[in-house]
Amino acid sequence: TAFQQWHILYIGSTTNANADPTADPDGDGQNNLAEFLSGTNPTNSASGLRIISALRQSNDVVITWTTTGGFTNAVQAAGAGNGSYTTNFTDISGSIIISGSGDAMTNYVDGGGATNVPSRYYRIRLVP
């Protein structure tokens, strides 16, 4: 399968403990299945689909994340009326096609995001 081929490429085997779908050989908090789906390298902790900053820029928020070229992402946001965390995330961007291959970094500007009340929580979604 594609998952087994990926294991052989990065782990060198499909049978050792580091090849388990729930294993996290590089200790970056993303298990092998998540790394496979996002196209990241399971032996390099710097390789991952993750937000690295969300910075205010005037009235906007610039969300920057690491990802993989050749994949498509979308930025999602959620907020709760009392400022606490909520899980009702919705897309705030269209599909963002990441060009190239291998590890990449990109960003999205949430226009007016710094003026939102309540505050927003952000995440990146893989677009099929």
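**View 1. Ser 93 and the backbone of Val 75 in a predicted model.** A polar atom of the Ser 93 side chain sits 2.8 Å from the backbone nitrogen of Val 75. For a polar contact, look for a pair of N or O atoms within 3.5 Å, where, within protein, one must be able to donate a hydrogen and the other to accept it; residues adjacent in sequence count only if both atoms are side-chain atoms. Ser 93 belongs to the loop between strand 4 (90-91) and strand 5. Strands are DSSP runs of E, at least two residues, and helices are runs of H or I, at least four, numbered from the N terminus. Ser 93 counts as buried because its relative accessibility is 9% (buried means under 20% relative accessible area, with a 1.4 Å probe and protein chains only).

**View 2. The surroundings of Ser 93 and Val 75.** Beyond neighbours within four places in sequence, Ser 93 is in contact (heavy atoms within 4.5 Å) with Ala 74, Val 75 and Tyr 108. With such neighbours again set aside, the contacts of Val 75 include Ile 63, Trp 65, Ser 93, Tyr 108 and Ile 124.

**View 3. The largest nonpolar core.** Val 75 is one of ten residues here, along with Leu 49, Val 61, Ile 63, Trp 65, Ala 77, Ile 96, Ile 98, Tyr 122 and Ile 124. Strand 2 (60-69), strand 3 (72-78) and strand 7 (121-126) each give two or more residues, and strand 2 has the largest share, three.

**Notes.** Residues are numbered from 1 along each chain as its sequence is written.

Methods: Predicted model: local features only at pLDDT ≥ 70, side-chain atom pairs only at ≥ 80, totals over all residues. Heavy atoms only, no water. Buried < 20%, exposed > 50% of the residue type's maximum accessible area, 1.4 Å probe, protein only. Core = buried A, V, L, I, M, F, W, Y, C linked by side-chain atoms within 4.5 Å.
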